[in-house]
Amino acid sequence: MLNRRRLRTRPDDDRWNTRPVRARVLAVARTLTSATRVLDVLTLLREQDGIGIAVTINPGSAFAAGLDDYLRAQPGLTVLPWRDAVRRPFDLAVACAVHASMHRLRAPLVVLPHGAGYNRLVPESTGDTVTAAGLSRRELTHRGRVFPAVIGLSHREQFERLRAACPEALPRAREVGDPCFDRMLAGLAARDGYRAALGAVDGRRLVVVNSTWSEHSLLGRHPGLPLRLVGQLPADEYTVAVVLHPNVWARHDPRALLAAAERSGLRLVPPHQGWQAALIAADCVIGDHGSVTFYGAALERRTLLVATGAAELDPRSPSYAFGQAAPALDPDGDLLAQLEQAMAGQDPAALRPVTDRSLGRRGESARVLRDLLLSYLPGIEEPPGDPQPLPYPRPVPLAAERPTAYDVVATGEGADVHLRRYPVGPGHHAPRGFHAVAADEPRLALRHTAEVLARTETDAEQPAERWLAATAAELPGLAVAVAALGPARHLLRLPTGLLLEAHADRPWGAPAPRLDPLLLGSAVAHWLTTPGARAADLTRHPLTLHTGPHRITAAFTARPD
């Protein structure tokens, strides 16, 4: 008779391995933030050296939503239920968020920060209102005994705060630096690629907006700021990307909260990767007391604070001092003027005396941590040379929608046209200039207020010339209608019925140009208002379009006879 009894197997049984495992390490996560940080740290341990890594979720966090799915999507990781993880012996366990329940682990435990040091007051975790989370006796001891084998501190400044909170833990403390920040420093050479991925091209500056979680955060206090930024910053001069703390994603739907801003061009960086690359790419960071804003200042990006978080920070911490020292942004004021003032007048290194207080052993943390972790794995030989930090992957924004309607301000005389375009968002009132609208704009009323209408899709059902004729008949008040023919070639129809093909010039040694058909149409519409301008003159005099520091020249040809 067939024996239907199911055999119980362990996910890490040696019989299933292709390569031998000589040491077993357990990564312990409580939230997505701590999970991404601990997996980042464990890139210092190489599978080819015989190290097997499993991961488990320490239960109980209010911000654990989505964590299991994230971990199971990581290649090469065995995900163990907590009840199994605490029954099995490991050579080492590593966590980037500590909880008293971790005393149950059967392994030496190394705990590390999951942000820029230890700063936030979380009474639910620490049991008091004066100790930063991660340094409290309640978190670090069980029945009066300190249970972590090592308490990693990012800077010597934290020793004194640990001494005040839990002096018996001091012998277990080690200054290990900040591997996440060091990895960002090592990735500065990839800045151009990161900027391109976030749309900071053709002279655009990249503004990264960062919000931590809680009612004291940027998003908690000023939820409309991202929409106001994309509405007030010229779209051809600035790109705005938003980085939200994973705890925000765990409790809310940011895509719903920021939907209107996304439709105006906002780039939303996913919570599990991309924020480090966004900081490397940034020209300016607008944020709060979260670690991402702190790291941005440490990378010497211009920094403006909207919320200091003083109510929920340890007043002895560098993050608290950062909130008092960093320049402030008035979220209700002229955002463009404040940003341009910061870009022109702010010293990027001015906050380094504050950020240096949290980021010790710069450039050394990978070596220090690898040596520390390998000291618990005696069967593993140390690889030759210092560890080389892996570059962070390119960010992939969850939304990069192009605006479909702009409020255009155009100035200049003759062949030089200076343009500033602002997305027409919800609640938009009196225009600054005139409207330039894409053919797929869903708000049909805008078509009838437009000076410029452009079809941006090149692979369209209706040929360009026929579409232009139909559009001119439908909207006789248009100044210019444009049909895209390619990235830098477009067909225009003017009110006289004249058809012109435009193409962007490529200067010697420059990359292939990109010419937005709405931008081109706006420039031509403004040029046509010049006294004495005749449409036919465009074939003899190219137009140079200026958007901030960027410029592009477009030449025009009429249909050959």
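Guide: Happy to! Let's start with cysteine 284: its sulfur lies 20 Å from the closest cysteine sulfur, the one in cysteine 180, which is too far for a bond. A disulfide here is a pair of cysteine sulfur atoms within 2.5 Å. Cysteine 284 also counts as buried, at 1% relative accessibility; buried means under 20% relative accessible area, exposed over 50%, and partly exposed in between, with a 1.4 Å probe and protein chains only.

Before going on, a word on the source: this is a predicted model, where local features need pLDDT of at least 70 and side-chain atom pairs count only at pLDDT 80 or more, while totals for chains, interfaces and linings use all residues. Residues are numbered from 1 along each chain as its sequence is written, and side-chain values use heavy atoms, with hydrogens and water left out.

Cysteine 96 is buried too, at 0% relative accessibility. The closest cysteine sulfur to its own is again in cysteine 180, 9.9 Å away and too far for a bond. Searching the whole structure gives 0 disulfides.

Helices (H or I, at least four residues) and strands (E, at least two) are DSSP runs, numbered from the N terminus. The buried set in H7 is Pro179, Cys180, Phe181, Asp182, Arg183 and Met184. These residues pack against helices H1 (32–41), H14 (275–281), H15 and H19 (365–374), with contact meaning heavy atoms within 4.5 Å.

Helix H14 contains glutamine 276, which is buried with a relative accessible area of 9%. Beyond its neighbours within four places in sequence, glutamine 276 is in contact with Asp40, Cys180, Met184 and Tyr392.

Helix H15 (residues 291–298) in turn meets helix H16 (residues 318–325): their axes come within 11 Å and cross at roughly 70°. Axes are lines fitted to C-alpha atoms, for helices over the stretch in contact, and angles run from 0 to 180 degrees between N-to-C directions. H15 and H16 are therefore roughly perpendicular, the label for 65 to 115 degrees; under 35 counts as roughly parallel, over 145 as roughly antiparallel and the rest as oblique. On the H15 side, Thr293, Phe294 and Ala297 meet Pro318, Ser319 and Phe322 of H16. The residues of this contact divide into 4 nonpolar, 2 polar and no charged.

Key: Nonpolar A, V, L, I, M, F, W, Y, C, P; charged D, E, K, R; others polar.
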